[in-house]
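Hi everyone, thanks for having me.

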Amino acid sequence: MLSRTQLKQKIELLVAGLKSLRDEGKFDEPNLDGTAGDYVSFNAWEWPQGVGLYGLAQMWLKTGDTAVKTLLEDWYSAHIEKGLPPQNVNTTAPMLALSLLWRETRDPRWEAPMKDWADRILTDMPRTRCGGFQHNVSDKINDDELWDDTLFMVALFLASYGEGAGRRDLVSEAAFQFMIHTHYLSEPETGLWFHGWTFDGNHNFARARWARGNSWISAGVLDLIELAELDEGTKRYLTEVVKAQLETLIGYQAASGAWHTLVDDPTSYEEISATAAIGYALLKGARLGIGPQSWHEAGLKALSVTLDNIGADGIVDNVSYGTRMGHDLQFYKDIPIQPTGYGQSMALLLLVEALNIAQAEEE
C-alpha cells in the first residue's frame, strides 16, 4: 500500500479532478420542469455532485484540510443563495455532506435548509406500498418502484441530520428505509442486491445484480452505522445484511481487483466506481472488526486497481454513467463510460479509508 504522503498526493489529485468536471453536452437529459439536467459538472445540484461532496466532507473530517472546508462552504452558500431545486430522491443527495459540515461546525447558515428539506421528506416524498420512498428523480417519475440508490441518496441524510439534530424520528425513518429496501431488493440465496423492485407486477425487473447498486449498499450500511446511533436489533440486523453481501462479493472479485458492472457476469466490463466503494466497505468493515482479514486483503486489491485508474489529471477512468432501471441485462453492459462526481467520490472514500490504515500502521 502507498505511504501516507503518497496517498495524500493522490487524494489532492482526485479533488482537482472532481472540481474540473464539466458537462460538455454529451448527454441530453432535460428535467421534468424543462430545465437542463447536468449530471457531470461539479457546480450542479444533483446526485453525482452530492456523492462527490460527501467524499469531500469525509476527507475534510479525516484530514482537517481547511481548503476543502472552504470549498464545501462556498459551494453550499452559492446554491442556497440561488435557491434550491425541487425535492426528489436524487436532489436530496447533496444534503448529506451539508449535514456533516453542520454537525462539525454548527454554522447556523445550514440548519434551516436542512430542517425544511428533512421535514418535507417525511411529509411529502412519495412512497410505495409498505412505506418505501418511491424513486422519483429530476427527469422521471418511477411509479411504485424501489431502487437501492435511494438509501444512499436519502436515508443517509436523514440519519446524519437526525443524529446531529437529536431527531430520533429521522433516524428511525432512515433505519426503516434500509430494512424495507432489504426486504424487497436483497437476494436471500446470495446476499447480493437487485437494482430495483416494482409493485406493478411484483418483480425485480431484470434481476440485475448491478455492481454499483451493490456498492451503494455495502458503503451505505457501514456509513449508516457510523453516522447514527441505531437500536441494537436494527444494527445487528443490518450488520448481518452487509456481511452476507460482502462475503459473496469477494467471491466475484476479478483477478485485477475490480468488480464487473454486473457482479455475476464476467463478460460485462470492469467498473471502477463500484470497485472503489466495495473496496472502501471491505477495508472499513475489517477495521471496525465486522469482517475478517480476508476483507482487508480484498479491499487492498480494490485499492490497487482504483489507483491504476486515476489519470494524471486526477480523473477516475472506467466509471459507468448514471444508470436507469434496466429491463434486461444487456442494458447494463451497454451503459457508457463517463467521468462523474460519484466516480471521483467513491475513489476518494477508498483512499481516505486507506489513509486511516496507513496512519495507524506508521504510528
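I'll start with the core, then move to the cavities and finish with the backbone.

Please keep in mind that this is a predicted model. The largest nonpolar core here has 124 residues. Those with the most contacts inside it are Leu56, Tyr76, Met153, Phe157, Leu158 and Trp216. Helix H13, residues 341-362, gives the largest share of this core, with 12 residues. As background, nonpolar side chains tend to be buried together in soluble globular proteins.

Let's look at Tyr76. What is Tyr76 in contact with, leaving aside its neighbours within four places in sequence? Its partners are Trp45, Leu53, Pro94, Ala97, Leu98, Leu101 and Trp110.

Helix H2 (47-63), helix H10 (272-287) and H13 each give two or more residues to the lining of the largest cavity. H13 turns up again with the largest share of that lining, four residues. Which kinds of residue line the largest cavity? Five are charged, three are nonpolar and two are polar; among the lining residues are Lys62, Glu226, Tyr280 and Asn356.

Last, the backbone. Cys130 is not a glycine, yet has a positive phi of about 75°. You'll find Cys130 in the loop between helix H5 (108-124) and strand S1 (145-147). Asn202, also not a glycine, has a positive phi of about 55°, and sits in the loop between strand S2 (196-198) and helix H8 (211-227).

How values were computed
Residues numbered from 1 in each chain as written. Predicted model: local features only at pLDDT ≥ 70, side-chain atom pairs only at ≥ 80, totals over all residues. Heavy atoms only, no water. Core = buried A, V, L, I, M, F, W, Y, C linked by side-chain atoms within 4.5 Å. Buried < 20%, exposed > 50% of the residue type's maximum accessible area, 1.4 Å probe, protein only. Contact = heavy atoms within 4.5 Å. 1 Å grid on protein atoms, 1.4 Å probe; cavity = no way out; pocket = protein on both sides within 12 Å on 5 of 7 lines; lining within 4 Å. Nonpolar A, V, L, I, M, F, W, Y, C, P; charged D, E, K, R; others polar.
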